[in-house]
Amino acid sequence: MYSTHQKQSSDINGLKLNDGTQTSCPIIISNILNEYFSSIGVSMGNGIRPTNTSFTTFIKSISKSFVLDGTCAEEVIACIYNLRNTSSSGMDGISTKFLKLAKSTIAPILPKLFNKSMECGEYPDCFKISQIVPIPKCSSPSIPSHYRPIPILPTVSKVFEKIFYAKVSNFLNKNKHLTNLQYGFRNNASTELAVPAIYESFLENMNKGKSTCAVFLDLSKAFDTVDHKILLHKLMHYGIRGKHNSFFESYLTNRKQCTKVNNYSSNFQTIECGVPQGSVMGPLLFLIYVNDLPCASGFQTTLFADDTSLHLSHKDIETLQLNVQNELDKVDTWMRSNRLSIN
């Protein structure tokens, strides 16, 4: 997941165009990069082979519904206080440092806005605008794919998201809706816990005289390719229904971004799919999206956000090989039905 970067604009001297020519115009470069960043999720989704299996095959509906209580000035102040202290700002021009200085004045006002938004099931459009800073992924970047988009979101939106995130994650954790096989973006879970769990399973199989085959999957642009309709349907299945589901629909749709290069900003582009990069809610929404992956096959599955470890064991090598292939076909079906692709 991308994190907010201090730098407000990238200095890029040139970019190669599709016809092979080079441009040094920052306005052209910013628009080319913004078009690439905003369309990559849709482009990848269009390249996924269709399947007759619905994504609903793998998920179970939860009877209990999420009930949201409002927020208050004290909760807002606590969230502002816990924000990382930076001088960078999004399109709203408000930095974290300024927000912290003004927290006593603004704290009584923000809960009214947040509560009204949650009550109406609408997320403010002004909170859905991000400014992208392209950061090189290699020493000599020349084409759009050589850059990583670092989004800067409005600071006030982070406060709102922190409050909503706490309420939703508390509901999911309290009711044990998130699989214990997920070790990413969760409290009391980490790679340090995931690796021993896999290792101990391997040792147990070895002690039983079984061979183990492990498959490690990396998803391509996983956060960018999340399908909004599928995600909203899964949220409903996990108990986030009615106006709260409408709130998330509003949160996901009509998001816009521009890319800034050499202090020149591109035109705005609308994001059609994916969870918001650099956001507070984005990682949790992705965990919900892949939560049913372990149910798709007979593999022993370990998840760490978009990284997946699958393993299977058997005493007979040839049988193991056949079983692994059969189960991989099931995983492939899950991936395609959920509009995700393996790197």
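1. In this predicted model, helix α8 (residues 228–237) packs with α10 at an angle of about 80°, and the axes of the two helices are 9 Å apart. Since angles of 65 to 115 degrees count as roughly perpendicular, α8 and α10 are therefore described as roughly perpendicular to each other.

2. The residues that make this contact are Ile230, Leu231, Lys234 and Leu235 on the side of α8, and Leu285, Ile288 and Tyr289 on the side of α10.

3. What proportion of the residues of α8 is buried? Seven of the ten are, so the helix is largely enclosed by the rest of the structure. The buried residues are His228, Ile230, Leu231, Leu232, Lys234, Leu235 and His237, and the elements against which the buried residues of α8 pack are α9 (242–252), β8 (269–271), α10 and α11 (317–337).

4. The two ends of α8 also deserve a remark. At its start, a side-chain oxygen of Asp227 comes to within 3.0 Å of the backbone nitrogen of Lys229, while after the helix comes Gly239, which has a positive phi, near 105°.

5. Lys234 of α8, already named among the contact residues, has a polar partner in Asp292, the two side chains making a polar contact at 2.8 Å. A polar contact, also at 2.8 Å, joins the side chain of Asp292 to the side chain of Trp334. Asp292 itself lies in the loop between α10 (282–289) and β9 (300–304), and it counts as buried because its relative accessibility is 1%, where the cut-off for buried is under 20%.

6. Leaving out residues up to four places away in sequence, Asp292 touches Phe55, Phe58, Ile59, Lys234, Tyr238 and Trp334. By contrast, Lys158 is 28 Å from Asp292 in space, C-alpha to C-alpha, and 134 residues from it in sequence.

7. Leu285, one of the α10 residues in the contact with α8, is also placed in the largest nonpolar core, which has 61 residues and in which Phe114, Val159, Phe164, Phe248 and Leu285 touch the most other members. Helix α6 (residues 155–174) gives the most to this core, contributing eight residues. Apart from this core lies another, of eight residues, including Ile12, Ile29, Phe37 and Tyr147.

8. Beyond its neighbours within four places in sequence, Leu285 is in contact with Leu231, Leu235, Phe248, Tyr251, Leu252 and Val275; of these, Leu231 and Leu235 belong to the α8 side of the helix contact.

Conventions
Residues numbered from 1 in each chain as written. Predicted model: local features only at pLDDT ≥ 70, side-chain atom pairs only at ≥ 80, totals over all residues. Heavy atoms only, no water. Helix = DSSP H or I, 4+ residues; strand = E, 2+ residues; numbered from the N terminus. Buried < 20%, exposed > 50% of the residue type's maximum accessible area, 1.4 Å probe, protein only. Contact = heavy atoms within 4.5 Å. Polar contact = N/O pair within 3.5 Å; in protein donor to acceptor, adjacent residues only side chain to side chain. Core = buried A, V, L, I, M, F, W, Y, C linked by side-chain atoms within 4.5 Å. Axes fitted to C-alpha atoms, helices over the stretch in contact; angles between N-to-C directions. Parallel < 35°, antiparallel > 145°, perpendicular 65-115°, else oblique.
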